Amino acid sequence: MIKRTLFFGNPAYLSTKNEQLIVSFPDDQPDKTVPIEDIGMVVLENPQITITNGLMGKLVNNKVALVNCNGQHLPDGLLLPLHGHSEQTERIRHQINASQPLRKNLWAQTITAKIQNQGALLAERDIPIQKLRHLAKSVQSGDTGNNEAQAAAYYWQHIFDLPDFNREQKGLPPNNLLNYGYAILRGIIARALVSSGMLPTLGIWHRNKYNAYCLADDIMEPYRPFVDKVVRHMVETKDQIDELDIHLKRELLTIPALDVKIDGQKSPLMVAASRTTNSLFECFAGISRKIIYPEYG
Amino acid sequence: MDESFYSRLNQYRSLWVLVFFDLPTETKKDRKIASSFRKKLLDDGFSMFQFSIYMRFCASRENADVHIKRVKKNLPPKGKVGIMCITDKQFGMMELFYGTKVAEKETPSQQLELF
């Protein structure tokens, strides 16, 4: 079932009673309750939010991704349970013991899926994509030819109707929208990985020692174009995108509910993420050879 | 975004589960059973609509089935319990009054909520 996303941008006191999350407001507004088991993601984005430890414990037990944001309103923390799955220890062992050739193969599959999705997104605008098609077909094990970067260079040049767009962490808008959207996506994927009993820390490709979510960053690659689509839509329809206001965030927070096509079926992105992470585990355990990724279009 | 984008949560697919009950409260034991039944409803995310009528919003038929099953599992040994599902569309057509004043009804929870 599709889980709910709660976003807190105003002062609030969050506590728990009867397995419900209770939101109390500083003014005289009546309290609101939300069943904790229905929640998939909580975003805390105001310095004046108080949250009880009892509530955090219940959220973690229900595998909710709890994201907190810094003064710039950008997500900077993610709280996930240590015991995401009943077979966690065994599953992590499979993950750690995955052989180098298997990892390289999985990475090649991931990049192929990513480039295909990027291509499909560009094709919607009648931009020629032979180059991407070719790159997607010729991905080698471990992406030794670095097709990912070649595809990205072409993709970012053409995705927006903005002449000097550069995809950079601290670049000009809509980079801010992309950063926010990817942070949400990362939370969804990390949550799915944990609930499938894997460690989001140990990647198949990303291995930067300063990155705590390497595997999430690996697995989210083919999902990025779905965020890009939302952002492109916003770039085209919104008057101002320089400042991330509540309206822009509202749109970006619909990402978990986006419909994607996975394995021939339509499914919300958040549900698809769990399918992907389960198929990833099956690859680690030697049950299957293929990660299931959503296809764009 | 196109229309189908939000179709998953439309008014005809999302449901309200209503639980009506009359439980004996003659003896201390009966009252204990009755209050534990009520407590379990609250734990499961139901909220009080009227005394002995509790309701819960469910985003899909599958989700409603989960909660109906839980209510059935916790049925008290004695007393009368009714469980009913209506679509959000039907729920939205209900008219509510406090005295003669029109009252607002509970809105369904959205997939995304901003506080």
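Guide: A definition comes first: two strands count as paired if DSSP finds at least two bridges between them. Note also that the model is predicted.

Take the open sheet in chain A made of 3 strands in the order 10-9-11, where the pairing is antiparallel. Strand 10 (265-268) and strand 11 (294-295) of chain A are at the edges, and each has a single partner strand, so one side of each has no neighbour in the sheet. Between strand 9 (residues 259-262) and strand 10 of chain A there are 4 bridges, and these two strands pair in the antiparallel sense. One place to look is Asp259(A), whose bridge partner in strand 10 of chain A is Pro268(A).

Now turn to strand 2 of chain A, which covers residues 12-17. Strand 2 is joined to strand 3 (residues 20-24) of chain A by 5 bridges, and the two run antiparallel. Here Thr16(A) has Leu21(A) in strand 3 as its bridge partner. Strands 2 and 3 of chain A form a hairpin, with 2 residues between them. In that turn, Asn18(A) has a positive phi of about 50°.

Strand 2 of chain A is also joined to strand 6 (residues 49-51) of chain A, by 3 bridges, and this pair runs parallel.

Terms used
Residues are numbered from 1 along each chain as its sequence is written. Chains are lettered from A and ligands numbered from 1 in the order in which they are written. This is a predicted model: local features need pLDDT of at least 70, side-chain atom pairs count only at pLDDT 80 or more; totals for chains, interfaces and linings use all residues. Side-chain values use heavy atoms; hydrogens and water are left out.
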